[in-house]
Amino acid sequence: MEELNCDTAFTIPLFGGIEIAESVVVTWIIMAALVIISILLTRNLQVEPENISKRQLALETVIGVIQDFFKDILGEKGKMYIPYLMSVAIYIGVANLIGILGFKPPTKDMNVTAALAIMSIVLIEFAGIHAKGGKKWLKSFAEPTPVVLPINILEIFIRPVSLCMRLFGNVLGSFVVMKLIEAVAPVLVPVPLTCYFDIFDGLIQAYVFVFLTALFIKEAIE
């Protein structure tokens, strides 16, 4: 039960004390690590093909594959949202895997998954307004028939809850299972299972989150 709690890392002595959760601190660590890695990977980039290093070639290949994946889903109209989706995918992927290094995954905190879901749903609705205009966006809630208006409005609130709970539940479930296995068989058994629960499942959850967000954006801009 202690492992399941999201403890307060420290308190800022302002306004009666601002508690900073452990998930926030781990997120800061992830952000700092990603910034440093990004700087190192993007140093001395070249334009001329003959001067491109293997590091740059590998980086461009990976980024190109991810961009093509999202572009196939969103099309030309939605390509402006690809950087956000890529950033969220990288963060969630690293956050889910960081448990291997001994940190508690930030995505085990429902506040983190709720924040990610709210950001995504705000972007989804913004995409709809940006693509259709305010009036057409409002009219879309009454499509295909005005009878479904309450359902379409309710869907705005259902989507972030679905995104939040799916990510939170799967990460928390994997975390609990691994802790129980480590308690029962702490030596050899957890090793292959870690490859699934900590690595494979963590990456799958990142993929599912951004994939659903991309689908919702595509639906909003059509």
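**Domains, helices and charged pairs**

Tutor: The domain assignment of the protein chain gives domain 1 (51–102) and domain 2 (105–221); such bounds come from an automatic or database domain assignment. This is a predicted model, in which local features need pLDDT of at least 70 and side-chain atom pairs count only at pLDDT 80 or more, while totals for chains, interfaces and linings use all residues. Residues are numbered from 1 along each chain as its sequence is written, and side-chain values use heavy atoms, with hydrogens and water left out.

Student: What is the secondary structure of the protein chain, and in what order do its elements run?

Tutor: Helices (H or I, at least four residues) and strands (E, at least two) are DSSP runs, numbered from the N terminus. Here the protein chain has seven helices and two strands, and from the N terminus on the order is β-β-α-α-α-α-α-α-α. Along the principal axes, the C-alpha atoms fill a box of roughly 60 × 55 × 45 Å.

Student: What share of the 222 residues is buried?

Tutor: Buried means under 20% relative accessible area, exposed over 50%, and partly exposed in between (1.4 Å probe, protein chains only). In the protein chain, buried residues make up 32% of the 222 residues.

Student: How many residues of domain 1 and domain 2 are in contact, and what area do the domains bury between them?

Tutor: Buried area is the accessible area (1.4 Å probe) that two parts lose on being put together, summed over both. Domain 1 and domain 2 bury about 2,100 Å² between them, and 78% of this area lies on carbon and sulfur atoms. The contact involves 21 residues of domain 1 and 29 residues of domain 2. The C-alpha centres of the two domains are 18 Å apart.

Student: Which elements give two or more residues to the side of domain 1 that touches domain 2?

Tutor: They are α2 (54–74) and α3 (82–97). The largest share, 10 residues, comes from α3. For residue classes, Ala, Val, Leu, Ile, Met, Phe, Trp, Tyr, Cys and Pro count as nonpolar, Asp, Glu, Lys and Arg as charged, and the others, Gly among them, as polar. On this side of domain 1 there are 16 nonpolar residues, four polar and one charged.

Student: Which residues does Phe209 touch?

Tutor: Phe209 lies in helix α7. Not counting residues up to four places away in sequence, Phe209 touches Val88, Ile92, Leu116, Ala117, Ser120, Leu163 and Leu167. Phe209 is buried, at a relative accessible area of 3%. The C-alpha atoms of Phe209 and Val88 are separated by 8.8 Å, although these residues are 121 residues apart along the chain.

Student: Is Val210 buried or exposed?

Tutor: Val210 is buried, with a relative accessible area of 3%, and its place is also in helix α7. Beyond its neighbours within four places in sequence, Val210 is in contact with Phe70, Leu85, Val88 and Ala89.

Student: What is Gln205 in contact with?

Tutor: Gln205 belongs to helix α7 (residues 190–221). Leaving aside neighbours within four places in sequence, Gln205 contacts Asn96, Arg166, Leu167 and Asn170. Gln205 is buried, with a relative accessible area of 7%.

Student: Which residues form salt bridges with Arg159?

Tutor: Arg159 meets Glu155 (3.5 Å, N to O) and Glu219, with the closest N and O atoms 2.9 Å apart. The pair with Glu219 links distant parts of the chain, Arg159 being in helix α6 and Glu219 in helix α7, 60 residues apart. Arg159 and Glu155 are separated by about one helical turn because they are four residues apart in helix α6 (residues 149–184). Arg159 counts as buried at 10% relative accessibility, while Glu219 counts as partly exposed at 43%.

Key: Contact means heavy atoms within 4.5 Å. A salt bridge is a side-chain nitrogen of Lys or Arg within 4 Å of a carboxyl oxygen of Asp or Glu.
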